[in-house]
Amino acid sequence: MKYFQGIIDCPAKLNLSLRVARKLRPDGFHEIDSVFQAIDFSDKLQLTAAPGTGSTLEIKYSPEFFAGHSELHSQIARQEQVKQDENLVLLATRAWTDKFLNSGEQFSFQWMLIKSIPTGAGLGGGSSDAAASLKLLTAMADHFKLLPASYLNSAAYREALLEIAANLGSDIPFFLGASTAARIRGRGEIILPRASNRQKYILALSQNFTATAKAYARLDAKRAALKGNKEEIYSNDFSLLYEDEQHRFARLLADFPDANLGLSGSGSTFFFSDVIDEETFASIARVEGYLLIRAQAIENWPPINLIN
């Protein structure tokens, strides 16, 4: 075939726990110790590739997810209004082609990203999109026989992909891992697989999003103003930045001790196990500024679907 076309789901993740070291690493990053769990709340990414030049990215918004949620749609659209060359999908494309394509091999990459996962929600949407782009580029390389199949299936190629991923973002290597659940340490490069928990969750998506770098700066400032390790009462250290919201949800879930309220990433999405009754669900759904959705842990990464 003269072109390659494939599409893949890009799952979100939850941080079931997250500890952030107070002292910075020599590279300026914080050490983390976290448990990641991938869930079935996803973006979709499609690649059409053919001999040629240039990369384009079109971003659309899931009509099924955003129907009836125009305010959240508008918030996410504003978040995505960044320069195209800052999008992780295009950055991953550039890094992959620089690494693996010979100077004489030129390809046109047309990307279509269908967003459901808000940027700045602590769900790893951008990281998952970037990992999915690397998976699609790998399939494209196999399709056009740009690299030997033996190399694409080798540990050396996998290590090269993980290096690209780690250079682009701390969460991206997890989405390239073998397991959909893992303990993550270091800056994100230490991945210790674990069994998926198969849990069903309710996510409370906030209409106020948080840039990760700003959240870390706010956490450092908050800790400096506190005495002791107050954050240890929470499963996620970033809950210090959302104490009012944390307490509000905790009160609403008081009759359900197995709900295990948590915060994902650096915020702003809260989540809890789907063990509540419909009356409590309705009460939580009335909390201003939040949208509730149901999601489930996944045991396997979504496959690439080829489009003929």
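Start with helix α10, residues 278–285, which lies across β7, β9 and β10. Against β10, α10 runs at about 135°. Keep in mind that this is a predicted model.

Those strands belong to an open sheet of four, in the order β8-β9-β7-β10, with antiparallel pairing. The edges are taken by β8 (262–263) and β10, each with a single partner strand, so one side of each has no neighbour in the sheet. Helix α9, residues 243–252, packs on the sheet as well: α9 touches β7, β9 and β10, and its direction makes about 25° with that of β9.

Now look at β7 itself, residues 200–206. Six of its seven residues are buried, so β7 is largely enclosed by the rest of the structure. With β10 (residues 290–296), β7 pairs in the antiparallel sense over seven bridges. You can pick out individual partners here: alanine 204 has leucine 292 of β10 as its bridge partner, and leucine 205 stands opposite leucine 291. With β9 (residues 270–273), β7 again pairs in the antiparallel sense, over four bridges. There, leucine 203 is partnered by phenylalanine 271.

The largest nonpolar core has 71 residues, and the ones that touch the most other members are Leu45, Leu47, Trp96, Trp111 and Met140. Helix α4, residues 125–143, gives the most to this core, with eight residues. Apart from it lies another core, this one of 15 residues, including Phe41, Ala121, Leu205 and Ile293. So where does methionine 140 make its contacts? Leaving out residues up to four places away in sequence, methionine 140 touches Phe4, Leu47, Ala49, Trp96, Phe109 and Leu146.

That brings us to how helix α3, residues 88–100, meets α4. The two pack at an angle of about 40°, with their axes 8 Å apart.

Conventions: Residues are numbered from 1 along each chain as its sequence is written. This is a predicted model: local features need pLDDT of at least 70, side-chain atom pairs count only at pLDDT 80 or more; totals for chains, interfaces and linings use all residues. Side-chain values use heavy atoms; hydrogens and water are left out. Buried means under 20% relative accessible area, exposed over 50%, partly exposed in between (1.4 Å probe, protein chains only). Two strands pair if DSSP finds at least two bridges between them. A nonpolar core is a set of buried Ala, Val, Leu, Ile, Met, Phe, Trp, Tyr and Cys residues joined through side-chain atoms within 4.5 Å. Contact means heavy atoms within 4.5 Å. Axes are lines fitted to C-alpha atoms, for helices over the stretch in contact, and angles run from 0 to 180 degrees between N-to-C directions.
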